[in-house]
Amino acid sequence: MKLLKRATQYTTTTFYSPTSRGYFKKFSIGSKSCFFSTSSEEPELMHFMNYLDSLKNFEKSGVPKGAGTDSDDGFDLGRMNRLMDRLGNPHSKFKTVHIAGTKGKGSTAAFLSSILRAEGYSVGCYTSPHIKTIRERMNVGRLNRPVSAKALNCLFHKIKGVLDEAIRLENGCITHFEVLTAMAFALFAQNHVDIAVIEAGLGGARDATNIISSSGLAASVITTIGEEHTAALGGSLETIAMAKSGIIKYGRPLVLGGPFLPHIEHILRDEASLMCSQVVSAYDAGIRATINGLSMFNDRPCQSCDIIVQAERDLKLSIELLDVKLCMIGNHQLHNALTATCAALCLRDQGWKISDGSVRAGLENTCLVGRTQFLTSKQAELLGLPGATILVDGGDFYSFVAHTKESAKALVDTIQMTFPQARLALVVAMAIDKDHLAFAKEFLSGRKLDSVILTEADVAGGKARVTPASLLRDRWIQASEELGIITVHNGMAEYREMFDDQLVTSLTVLEHKTLLAASKSFALSMKMAYQILRRVENQPGILVVTGSLHIVSSVLASLHELS
């Protein structure tokens, strides 16, 4: 039997770190302390960030109904084309691979960019959102590094006059994402990249990235189709598929990830046929990928995989890679790697020099922070959580959340694959417009959870889309009742007994039950989950931080500042 100090007895102190030029909080329970970041952008970018903050930001406010559809309600793509024209159409200076999808597009972009860099190409990669700094959205050159603050600041001041004029002429309607997208294309042209890998933001047809002509497009990639931003994308899976198929261009190949429902794949293939686009699917006959096993590398798990492509349908593509060691773990990441491999082979079919060795090296060198990422023991100690095994996963989506039932299942399956016997404690924060109930059910129906601590994290620097921790807790209570799973929460006498007046309480009541608790303080939530896992000696436990890239951002920014 272990004892848990009363969770409300804590103190916080805010510090400024001159080395990282950011603020962080020290959170203490008794003599124990842990640290979490409160800000991370460089002062050098303050003018640029203030400029962006003055623009409409749908990442903060949420996307309007129908905004991503190819209709009168959709975003005005003409506005983006006019902006690019004023900048000299930098996107026409290089070839582009355009990637859309409900999930997996960020990881697929990272895998493909890494493959191209391994071959020696200068690559521009544009993705969203970011973890610690907005610079992460734009990687340029032969190294996998974000654009420097100096380079981004110089570019901003170079084109600011054009941006100002465009905003005036468009009656102030140009958005935060449109400016960032325009700057990414301008940056890539300025650096004379050989090729760009561009992740769509919302949908495809009316997304600000969808300004690429067929002559400038090397290939389109659609990773998956699922229920995300349903209202913004027309209200159904069918309309979501149509919105994403908008990135298909005449005569250019289409790579499909999948798996798709048969009628959804039919929609995508029909659109490709209308555009005279050849199609290769990661689920075509002759294409397969398998996981052989797991091992530890540099204090983190990696998976050994075989990837075999023998495509004969529209395009004749071929590669055989055995014992590929992926640091991005899970079946979903293996499938993202396979999709990226198919895209690379499409480029090779067009004459791009890409060796089998470069495909292997690129896949093995890919690491994406905040996506199924295990922290090292040293990192856990830096956070004031010594001995903890911590997994952070913010999903792989524009909407910042591992928010669909499918993506929650992917995380559950990955945990089961890597630590099948370990006890689990979750710390969860989500945006208000996500399916909290389905997310909760997927975790609760997977395996026994020791505790779920529901907390809050700002979304895109604002609170408009933040779900109150108490509301999240209510959804988890509802999910547990519908599934018949026994929990202990603050509406019950058992819970009140655990957190009695004087902080000394037995946790044996949790032996066969899951604790559900809510706290607005993320740092307190982490400490509670950590202490609950440590109540049983000699039984390993995993502390999982998930639900939002912003909650993950807090953890990773803190590590950057404390290391």
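Biologist: How many helices and strands are in the chain?

Modeller: The chain has 17 helices and 22 strands. Both are DSSP runs numbered from the N terminus: helices are H or I with at least four residues, strands are E with at least two. Keep in mind that this is a predicted model, where local features need pLDDT of at least 70, side-chain atom pairs count only at pLDDT 80 or more, and totals for chains, interfaces and linings use all residues. Residues are numbered from 1 along each chain as its sequence is written, and side-chain values use heavy atoms, leaving out hydrogens and water.

Biologist: What share of the residues counts as buried?

Modeller: Of the 563 residues, 60% count as buried. Buried means under 20% relative accessible area, exposed means over 50%, and partly exposed is in between (1.4 Å probe, protein chains only).

Biologist: Let's pick a helix. What span should α5 have, and what does it have?

Modeller: Helix α5 covers residues 149-169, which is 21 residues. At 1.5 Å a residue it should span 30 Å, and its end C-alpha atoms are 29 Å apart, so the two agree. The expected span is 1.5 Å times one less than the number of residues.

Biologist: Where is the kink in α5?

Modeller: It is centred on Ile 159 and comes to about 55°. The bend at a residue is the angle between axes fitted to the seven residues ending there and the seven starting there. Ile 159 is also one of the buried residues of α5, along with others including Leu 152, Phe 156 and Leu 163.

Biologist: What covers those buried residues?

Modeller: The cover includes α1 (46-53), α3 (77-86), β7 (138-141) and α6 (176-190). Contact here means heavy atoms within 4.5 Å.

Biologist: Which residue with positive phi follows α5?

Modeller: Asn 171, with phi near 55°.

Biologist: Which other residues have a positive phi without being glycine?

Modeller: His 192 is one of them, at about 55°. His 192 lies in the loop between α6 and β8, and it is exposed, with a relative accessible area of 65%. Asp 323 also has a positive phi, near 55°. Asp 323 sits in strand β14 (residues 317-326) and is partly exposed at 35%.

Biologist: New topic. How many cavities are there of 30 Å³ or more?

Modeller: Two. A cavity is a set of points, on a 1 Å grid over the protein atoms alone, where a 1.4 Å probe fits but cannot get out. The largest cavity holds about 180 Å³. Its volume is the space filled by probe spheres set on the points, which are joined across faces, edges and corners.

Biologist: What lines the largest cavity?

Modeller: There are 19 lining residues, and Phe 58, Phe 75, Thr 175, Phe 177 and Ala 208 lie nearest the centre. Lining residues have an atom within 4 Å of a point. The elements giving two or more residues to that lining are α2 (58-61), α3 and α6.

Biologist: And Ile 195, is it buried or exposed?

Modeller: Buried, at 0% relative accessibility. Ile 195 belongs to strand β8 (residues 195-199). Among the residues it touches are Val 97, Leu 116 and Trp 352.

Biologist: Last one. Which peptide bonds are cis?

Modeller: Ser 128 to Pro 129 is cis, with omega near -5°. Gly 258 to Pro 259 is cis too, with omega near 5°. Pro 129 lies in the loop between β6 (123-126) and β7, while Pro 259 is in the loop between β10 (254-256) and α8 (262-274).

Terms used: 1 Å grid on protein atoms, 1.4 Å probe; cavity = no way out; pocket = protein on both sides within 12 Å on 5 of 7 lines; lining within 4 Å. Lists of a residue's contacts leave out its neighbours within four places in sequence.
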